[in-house]
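Here is a short briefing on one structure. Keep the sequence and the 3D view open while you read.

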Amino acid sequence: MIEERFDAIVVGAGMAGNAAALTMAQRGMKVLQLERGEYSGSKNVQGAILYADMLEKLIPDFREEAPLERHLVEQRFWMLDDKSHVGLHYKSDDFNEEKPNRYTIIRAQFDKWFSSKVKEAGATVLCETTVTELAQDAYGKVIGVKTDRRDGEIHADVVVLAEGVNGLLGTRAGLRERPKPENVALAVKEMHFLPRETIEARFNLKGDEGAVIEAVGTISRGMTGMGFIYSNKECISLGIGCLVSDFQKTGETPYGLLERFKQHPSVAPLIEGSEVKEYSAHLIPEGGYNAIPELCGDGWVVVGDAAQLNNAVHREGSNLAMTSGRIAAEAIFQVKSRRDPMTKANLALYKKMLEDSFVIKDLKKYKDMPALLHNQSQNFFLTYPQLVSKAMQNFVRVDGTPKKEKESSTLRSFVSARSWTGLFGDAFRFARAWR
């Protein structure tokens, strides 16, 4: 056993883990952070969206040195059938502000930089170290961790579990259940490299402006899922994700979905001539508020994806991860400052602070949405996109057919695919879940 004792051990060096370790180190706590990868971010090759407000609370001047790609000025939502898309675009010059609100990033580069700030704050960061299990006393209180290093048991007052959605430490220790397949999505992503000027021409951008495209429809083959395209400086992040339970039921393969998405007529021109250099898969929590596990116990707290803190409706994850990590660290510091023990009752302060933040308030607002989309996936991700596409084609195609006949044909298509009762029922359930 390593004799040195720490105030806190953080397991994981992603967004949540780095935020927690940084916050505690900045307050003078003795922090050890453990990461199984070669370095923080070594397992994250994908692109992502960074929400500036949450990082600014941790590192106010991050824009001066963080490896940012493009600041986002445009959001596009696409509903696809096999040959077309119906789109909603929002682009505003307001986002060309002095301190932009959102950026695209490449996680491998960003996480490595984020980890360097954790080290600068005084935390000890050990990479290539796998935590095999939690160390517990005779009463079940977590007192540290056991690692794959020689004499690898390390003790601390509290352990912060930031191990990701599929982390097994809490499950092995009996602190929480393993996430269910219907509450987790598997996303596959590729990085398509192109000259900077080509990307800017294809997305109608200038300078460091960026755009995001999010797409739903027949690309997920009736499964609950979404495709996404992020513009970076010299590459495009492209991917698609669906529920693990749907992959199990249908036998579809993630790579097969990705190939079909890339070949869609609306997508292919954006990546034509690109060189694919990176491919990755990533698990994402999708269960929402109803899937959140116990957040704390005697000697431990759980943050980020490991706590199922992901807003699937608004596609927000990194901001919830950073916020939960920061709030957990602040709660731990308050408990330590009072010289109170790290019991479940005292660490419940973290849960209360999280409930008072936007994190739980937003997830609670949409608590019924994941189940609705999962249970009605054939309608929302296959039938309705096809019907909307047909309706739009009938509207814009001029071929001598009287408009009344076209409108009647469109209505018959909707009714034949779904009864009026079913249509209004889905609309009512969607509105109620959105309220």
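Helix α9 (residues 318-337) and helix α10 (residues 344-355) cross at roughly 145 degrees. Their axes come within 8 Å. The model is predicted.

**Helix pair α9 and α10**
- The crossing of α9 and α10 is right-handed.
- On the α9 side, the contact is made by S324, I327, A328, E330, A331, I332, Q334 and V335.
- On the α10 side, N346, L347, L349, Y350, M353 and L354 take part.
- By class, this contact of α9 with α10 has 10 nonpolar, three polar and one charged residues.

**Second largest pocket**
- The second largest pocket holds about 240 Å³ of space.
- Its lining has 15 residues, and Y51, Q75, N101, R102 and R315 lie nearest the pocket centre.
- Two elements, β3 (47-51) and β4 (71-80), each give two or more residues to this lining.
- The largest share comes from β4, with five residues.
- The lining of the second largest pocket divides into seven nonpolar, three polar and five charged residues.

**Loop residue V398**
- V398 sits in the loop between α13 (377-396) and α14 (403-417).
- Is V398 buried or exposed? V398 counts as exposed because its relative accessibility is 73%, and the cut-off for exposed is over 50%.
- V398 and T171 are 227 residues apart in sequence. In space, the C-alpha atoms of V398 and T171 are 60 Å apart.

Note on methods. Residues are numbered from 1 along each chain as its sequence is written. This is a predicted model: local features need pLDDT of at least 70, side-chain atom pairs count only at pLDDT 80 or more; totals for chains, interfaces and linings use all residues. Side-chain values use heavy atoms; hydrogens and water are left out. Axes are lines fitted to C-alpha atoms, for helices over the stretch in contact, and angles run from 0 to 180 degrees between N-to-C directions. Helices (H or I, at least four residues) and strands (E, at least two) are DSSP runs, numbered from the N terminus. A crossing is left-handed if the near helix is turned anticlockwise from the far one by less than a right angle, and right-handed if clockwise. Contact means heavy atoms within 4.5 Å. Ala, Val, Leu, Ile, Met, Phe, Trp, Tyr, Cys and Pro count as nonpolar, Asp, Glu, Lys and Arg as charged, and the others, Gly among them, as polar. On a 1 Å grid over the protein atoms alone, a cavity is a set of points where a 1.4 Å probe fits but cannot get out, and a pocket is an open set with protein on both sides within 12 Å along at least five of seven lines; lining residues have an atom within 4 Å of a point. Grid points are joined across faces, edges and corners, and a volume is the space filled by probe spheres set on the points. Buried means under 20% relative accessible area, exposed over 50%, partly exposed in between (1.4 Å probe, protein chains only).
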